[in-house]
Every structure is written in structure tokens, then in C-alpha cells.
Amino acid sequence: MNRPEPIAAPDAAEASDGLANPQRLLAFTTLAMAIAMAVLDGTIVAVALPTMARQFAVAPESAIWIVNAFQLAVTVSLLPLAALGDMFGYRRVYWWGLALFTVASLACALAPTFAILTFARLVQGLGAAGIMSVNIALIRFIYPHARLGQGVGNMAVVVAVATAGSPSVAAAILSVASWHWLFLINVPIGAVALIMAARTLPETPRAAGRLDLQSVILNALTFGLVIAGVNRIGQGESPSVGLIEIAAGATIGVALVRRQLRLPAPLLPVDLLRRPVFALSLATSISSFGAQALAIVSLPFFFEDRLGHSATTSGLLLTPWPVATALIAPIAGRLADRFIPGILGSIGLLVMGGGLALVAVGIADSHPVSLAWRLAICGLGFGFFQSPNNRVIIGSAPRERSGAAAGLQSSGRLIGQSLGTALVAVAFGRAPAHATEIAIWGAAALTLAGAVASGLRKAG
């Protein structure tokens with residue numbers, strides 16, 4: 001395998017950029033603490049929704065908004081906050097996002113009513129977006145260019161494990177405490193991370209420009225309507241209303257893109273999407289997270305409804321996936337600094353797709369060991385793909401557009417997760433007896449399609 005051509009030829013300043021240890025390690029630890037909380041809180045409360053619905057005396061379909069409010073807030077604010085990071089510095093956006101997230105977490109835990117809890121989750125989502133929008137951009141200034149793959153790989157471990165491990169973490173917390181601790185645990189961790197961020201994160205260059213308010217509004221309407229429509233269809237509500245919302249969002253999206261084409265530094269990074277390697281990398285990222293959501297969301301229903309396991313046991317049965325991801329992603333990140341990331345990504349997706357096919361074939365075998373090794377293969381492939389792919393996404397963007405690239409990368413992850421979750425709900429609505437099997441085979445097909453797209457990349 002040959003060494004890759006440089007993704008974006010660094011100048012002398014970039015080549016010598018990065019922090020020296022121990023500040024590099026401390027800065028990365030700061031980012032890891034915050035991004036783990038932000039990613040976990042997107043889905044961790046799903047396990048406790050039935051309990052929360054009973055406590056607040058609301059219907060299950062209303063309780064879903066405890067999850068949706070967070071996801072919508074993150075989705076509509078990621079790109080504007082990434083643009084603010086380009087203009088005012090990634091460190092500043094990260095710090096204020098973390099502060100807002102920490103305060104909102106306390107408000108969620110203390111919320112006396114369902115309405116206040118939902119609003120607090122909305123605010124928490126805005127804070128999480130501040131963290132997610134610039135974390136990968138900061139990696140570019142924490143690690144030297146020659147070790148960018150290593151830094152991105154380490155961050156991929158945190159994001160992937162937090163995403164896949166949320167059921168296990170929720171099960172562990174709920175086994176010893178009430179649902180309030182799903183939020184309270186963020187407060188001391190967030191406080192420590194804020195102090196560390198002020199001391200360790202580097203200052204970054206600031207780009208000239210201003211935030212275009214019309215683009216912000218169009219962005220919020222586009223992503224908000226599309227995600228709301230997908231969620232509505234996925235939750236079994238009126239499909240016609242959901243399709244209308246998606247169509248309206250797509251129409252507004254056309255207006256958004258047209259406006260971005262006229263701007264020198266667009267909010268929606270159409271300038272980056274014109275680069276084939278960037279666009280293909282983003283598409284494969286959406287595919288991988290969509291496939292992961294199809295598996296992670298559908299399997300607990302099979303474990304509990306078909307095999308009779310408890311919620312805690314179901315969470316533990318999924319643990320081999322994030323553990324395998326954590327083991328392989330740092331290795332993949334180092335390899336991405338030496339070999340062609342596009343080929344590495346294809347290998348990872350092929351392994352993940354093969355693992356999903358093995359899960360689908362052997363899903364009737366309820367023995368924990370049989371499930372464990374199959375899910376571990378999925379996790380190995382997922383982790384082996386994420387590090388090289390994220391390196392391409394951030395490394396193929398100009399240095400001054402790192403925030404835009406990071407925001408779009410996080411948006412792609414959320415879009416993939418939302419679509420995967422909605423497809424699971426559709427499968428349960430149409431074929432409840434075989435929904436998990438359908439979801440797993442669908443995840444395998446989506447992963448293999450992503451492997452083909454990954455292999456088409458020539459640069460990086």
C-alpha cells in the first residue's frame with residue numbers, strides 16, 4: 001500500500017503547529033470529557049423515557065420530546081456555531097457551549113415539570129452543539145499536522161464509544177440511581193472540563209466575516225423541518241404531515257444553497273462539498289452512523305421482547321461493540337497518517353458490513369458469547385473506518401475552514417443517526433415480527449454501499 005498524497009499541503013506554520021506534551025494530552029482530555037457528555041446525552045435518556053413519562057404523567061409520544069428537543073437544537077445550531085468558531089475562535093465557542101451544557105444539565109435534573117424539562121433539554125442541546133461544532137477543528141491545532149490522524153483517531157474513539165455505549169452507560173447508572181443522575185453526573189465533570197479548557201486549549205486564528213442572519217434562519221428551517229418530518233414518520237404519526245414537513249424543508253434547503261453560493265464564507269459549506277473527496281467522505285460517514293443506529297436501536301427490542309432479557313442486560317449485551325471500537329480506532333488513526341485513508345475506510349466498512357451480516361444470520365442464537373463476537377466484529381469495522389474517514393474530512397478542508405468542516409462532520413453524524421432511528425421505527429410499524437432482522441440486514445446493505453463510496457475517493 002502506498003503512502004497517500006498530502007490532503008492539504010501544510011505551510012511551514014501548520015507543519016510546526018500543535019501543542020507539546022503534557023499540554024497536548026490535557027487539552028485532548030478536556031475535549032474528550034465534553035464531547036463524551038454531549039454525545040451521550042443525545043440518546044442516553046431514551047432508556048429512562050418510560051419512567052420519566054410516568055413521573056410527569058405524559059403520554060409516551062409526548063415523552064419522546066425529551067429526546068427530540070435535544071436533537072433538534074443540536075441539528076439546527078451546529079453550522080451557525082461552527083461559523084462563529086471560524087470568526088471568534090474555536091476555544092471561545094467550545095468554552096461557552098460547555099458552560100451552557102453544564103448549567104442546562106443541572107436544570108434538567110431539577111426540572112419540576114415536563115415543560116421545564118423539555119425546555120432545559122433544548123438549551124442543553126444548544127450547549128452540546130457548541131461543543132460538537134468545533135471539537136474536531138480544535139484537534140487540528142492540538143496535534144501537529146504529521147500526527148493529525150492520531151488525534152482524529154483518538155477523538156473517533158470517544159465519539160464512537162459514547163454513541164454505541166449509551167445503552168450500557170444508561171443501564172449502569174439506572175441500576176444504582178434515579179434518572180435524575182443521567183443529568184447530574186454532567187455537572188461535576190463539566191465543571192472540571194471548564195477549568196481545564198481555560199488552561200489548556202490553544203487560541204486559534206480568526207477569520208474575517210460576519211454571521212449571515214438569513215442563512216441562519218434558512219438553515220434552522222431546513223434541518224428542523226426535515227428532521228421533524230423524519231421523526232414524525234418514524235414514530236408512526238401521520239405520514240402525510242411528515243412528508244409535507246420534509247418537502248418544505250427540502251424546498252427551503254434549495255433557497256439556502258442558492259444563497260450560500262453567493263457568499264464568500266458560506267454557513268452551509270457548499271465550497272467544501274464541491275470537493276469530491278470531502279463529499280464522498282461525508283456521505284460514507286452518514287451511511288456508517290445510519291447503519292450503526294439501525295443496529296443499536298433495534299437490537300435492544302430483540303433482546304428484551306424476544307429473548308426476555310432486562311434493560312440492564314440488553315445494555316451489557318451491546319458492550320462488545322464500543323469496546324472493540326475503542327481498541328481499534330487509535331490504531332486506525334495512526335495508520336491513516338501513513339497509508340491511504342480511503343482504502344482503510346473501505347476495509348473498515350467491509351468488516352463492519354460482514355459483522356452485521358453475521359449478526360443477522362446468528363441473531364436467533366441467544367448465547368451471550370455468540371452475540372459478543374459478532375458485535376465485536378461490527379465494532380472493529382466501525383472503529384477502523386471512523387478514524388481515517390474523519391481525518392479526510394478535516395484534513396481536506398482549508399485550515400481557515402476547519403470549523404465549517406467540523407460542523408458538517410457532526411451534522412452528518414446526527415443526520416445518519418436520525419435516519420437510522422426513523423427506519424427502525426418504520427420496520428417495527430410495518431413488520432413487527434421481523435423488524436430487528438430487517439433493520440440489521442438494512443444496516444449491512446447501507447454499510448457495504450458506504451464501502452463502495454469510500455473506495456471511490458482518490459485523494460486522502
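**Exercise 1.** Determine how helix α19 and helix α20 pack in this predicted model.

*Solution.* Start with the extents: α19 covers residues 368-395 and α20 covers residues 402-430, helices being DSSP runs of H or I with at least four residues, numbered from the N terminus. Their axes lie 8 Å apart at an angle of about 140°; axes are lines fitted to C-alpha atoms over the stretch in contact, and angles run from 0 to 180 degrees between N-to-C directions. Angles under 35 degrees count as roughly parallel, over 145 as roughly antiparallel, 65 to 115 as roughly perpendicular and the rest as oblique. The pair α19 and α20 is therefore oblique.

Next, list the contact (heavy atoms within 4.5 Å): Asn390, Ile393 and Ile394 of α19 meet Ser402, Ala405, Ala406 and Gln409 of α20.

Residues are numbered from 1 along each chain as its sequence is written. In this predicted model, local features need pLDDT of at least 70 and side-chain atom pairs pLDDT 80 or more, while totals for chains, interfaces and linings use all residues; side-chain values use heavy atoms, without hydrogens and water.

**Exercise 2.** Determine how α2 is oriented relative to α8.

*Solution.* Helix α2 spans residues 23-43 and helix α8 residues 135-142. The angle is about 175°, with axes 11 Å apart. That makes the two helices roughly antiparallel. On the α2 side, the contact uses Arg24, Ala27, Phe28, Leu31 and Ile35; on the α8 side, Asn135, Leu138, Ile139 and Ile142.

**Exercise 3.** Describe the secondary structure and the box of the whole chain.

*Solution.* The protein chain has 21 helices and zero strands. Its C-alpha atoms fill a box of roughly 60 × 50 × 45 Å along the principal axes.
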